[in-house]
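I opened this notebook to record what I looked up in one structure. The entries follow the order in which I worked.

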Amino acid sequence: MDRRKFIQKGALTGSFLSLGGLSINAMATTVDNSAFAKADTAKHHFNLKYAPHIGMFKQHAGEDPVAQLEFMAAQGFTAFEDNEMRNRPIAQQEAMAKTMKKHNMTMGVFVAHKIYWTEPNLASGKQTWRDEFLADIKSSIEVAKRVNAKWMTVVPGHVDLRQNMAYQTAHVVETLKQASAILEPHHITMVLEPLNFRNHPGLFLSESPQAYQICKAVNSPSCKILFDIYHQQIQEGNLIPNIEKCWDEIAYFQIGDNPGRNEPTSGEINYKNVFKYIHSRGFEGVLGMEHGNSIEGKTGEQRVIDAYVESDQFL
């Protein structure tokens with residue numbers, strides 16, 4: 001699923017209780033229907049911080065982002081991510097932050113800058129593109145503070161077909177060093193996301209070893225890896241060994257099954273084993289649910305919740 005055309009499909013049917021064969025006479029105690037309602041919406045107790053996004057549960061919660069956050073919290077999700085947070089009105093950012101605080105939800109990533117899908121902005125080494133990127137990073141700090149975000153997504157853009165890859169890497173590393181110097185005093189981390197060749201052909205950053213090399217060169221707590229399991233299943237596979245190799249530079253995960261980029265259990269990835277490994281390493285960060293729903297409507301939304309409940313049962 002192309003991030004540029006990413007349609008946050010809604011779904012999920014709330015489970016309900018059907019009671020049959022019950023006779024209640026006039027002397028019986030009145031049934032407390034609220035008890036059944038509470039049972040229906042009982043929170044799941046997830047082992048990891050899975051983070052839905054706006055639109056994932058809109059059939060249940062409606063279009064209002066705050067109402068959607070309330071629904072996520074009621075289902076037991078303890079984190080949330082929003083690629084578009086930077087572009088939302090300040091009043092909406094503040095309302096969403098207030099709701100997350102109310103439910104003790106962790107804010108995940110938002111996209112920190114303008115992404116160049118077809119032009120080599122950071123790889124080129126051109127000062128005008130570098131200045132624009134650094135200005136976006138500075139402005140995103142205010143957004144991060146407003147919503148209590150500790151991570152922001154960075155995608156270095158397209159390859160520069162007129163330069164050797166080593167020169168391009170040097171340009172990217174230098175820009176990220178300068179961005180890290182801006183972010184470090186605020187304890188905010190930009191996470192570099194390698195994207196697969198099929199959905200995003202021609203991008204500079206595509207593989208986890210490449211991201212690992214860059215983070216080691218930048219050498220900053222403010223520059224780490226966003227390991228998107230969907231993208232890396234397509235790009236390189238060998239998921240758990242590559243996660244292990246990159247572990248000390250990974251700060252964030254994103255999720256999506258393949259094919260289809262939908263919820264776990266809809267494709268080929270054994271997410272129960274992947275989640276088990278991540279949990280075994282003591283990971284306390286966020287795993288963003290950056291995927292669609294395999295089924296439309298409320299039924300599909302319930303399918304998403306059930307898939308995470310199932311895949312989280314690894315202990």
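**Entry 1: helix 4**

I began with helix 4, residues 90–102. Helices (H or I, at least four residues) and strands (E, at least two) are DSSP runs, numbered from the N terminus. The expected span of a helix is 1.5 Å times one less than its number of residues. For the 13 residues of helix 4 this gives 18 Å, and I found its end C-alpha atoms 18 Å apart, which agrees.

I noted the basis of these values: the model is predicted, local features need pLDDT of at least 70, side-chain atom pairs count only at pLDDT 80 or more, and totals for chains, interfaces and linings use all residues. Residues are numbered from 1 along each chain as its sequence is written, and side-chain values use heavy atoms, with hydrogens and water left out.

Which residues of helix 4 are buried? I listed Gln-93, Met-96, Ala-97, Thr-99 and Met-100. Buried means under 20% relative accessible area, exposed over 50%, and partly exposed in between (1.4 Å probe, protein chains only). Seen down the axis of helix 4, the buried residues fall within an arc of 165°, so they line one face of the helix; the arc is that of the directions from the helix axis to the C-beta atoms. I recalled that an α-helix has 3.6 residues a turn, so residues three or four places apart point the same way.

On the face turned away from the buried side I found the exposed residues Ala-91, Lys-98, Lys-101 and Lys-102. The cover over the buried residues includes helix 3 (65–74), strand 2 (79–80), strand 3 (106–107) and helix 6 (127–147); contact here means heavy atoms within 4.5 Å. Just after helix 4, Asn-104 takes a positive phi of about 55°.

**Entry 2: salt bridges**

I next searched for salt bridges (a side-chain nitrogen of Lys or Arg within 4 Å of a carboxyl oxygen of Asp or Glu). The count by this rule is nine.

In one of them, Arg-86 pairs with Asp-136, with the closest N and O atoms 3.0 Å apart. Arg-86 is in the loop between strand 2 and helix 4, while Asp-136 is in helix 6, 50 residues apart. Arg-86 is partly exposed at 25% relative accessible area, whereas Asp-136 is buried at 12%.

I then examined Glu-249, which forms a salt bridge with Lys-216 (3.1 Å, N to O). Glu-249 lies in the loop between helix 10 (239–246) and strand 7 (250–254) and Lys-216 in helix 8 (residues 208–218), so the pair ties together parts that are 33 residues apart in sequence. Glu-249 is buried at 5% relative accessibility; Lys-216, at 37%, is partly exposed.

Lys-224 also forms a salt bridge with Glu-249 (3.0 Å, N to O). Lys-224 belongs to strand 6 (residues 223–228), so this pair ties together parts that are 25 residues apart in sequence. Lys-224 is buried, at 18%. Through shared partners, salt bridges join Lys-216, Lys-224, Asp-248 and Glu-249 into one network.

**Entry 3: nonpolar cores**

A nonpolar core is a set of buried Ala, Val, Leu, Ile, Met, Phe, Trp, Tyr and Cys residues joined through side-chain atoms within 4.5 Å. The largest has 73 residues, of which Tyr-50, Phe-80, Leu-176 and Phe-253 touch the most other members. Helix 6 gives the most to this core, with seven residues.
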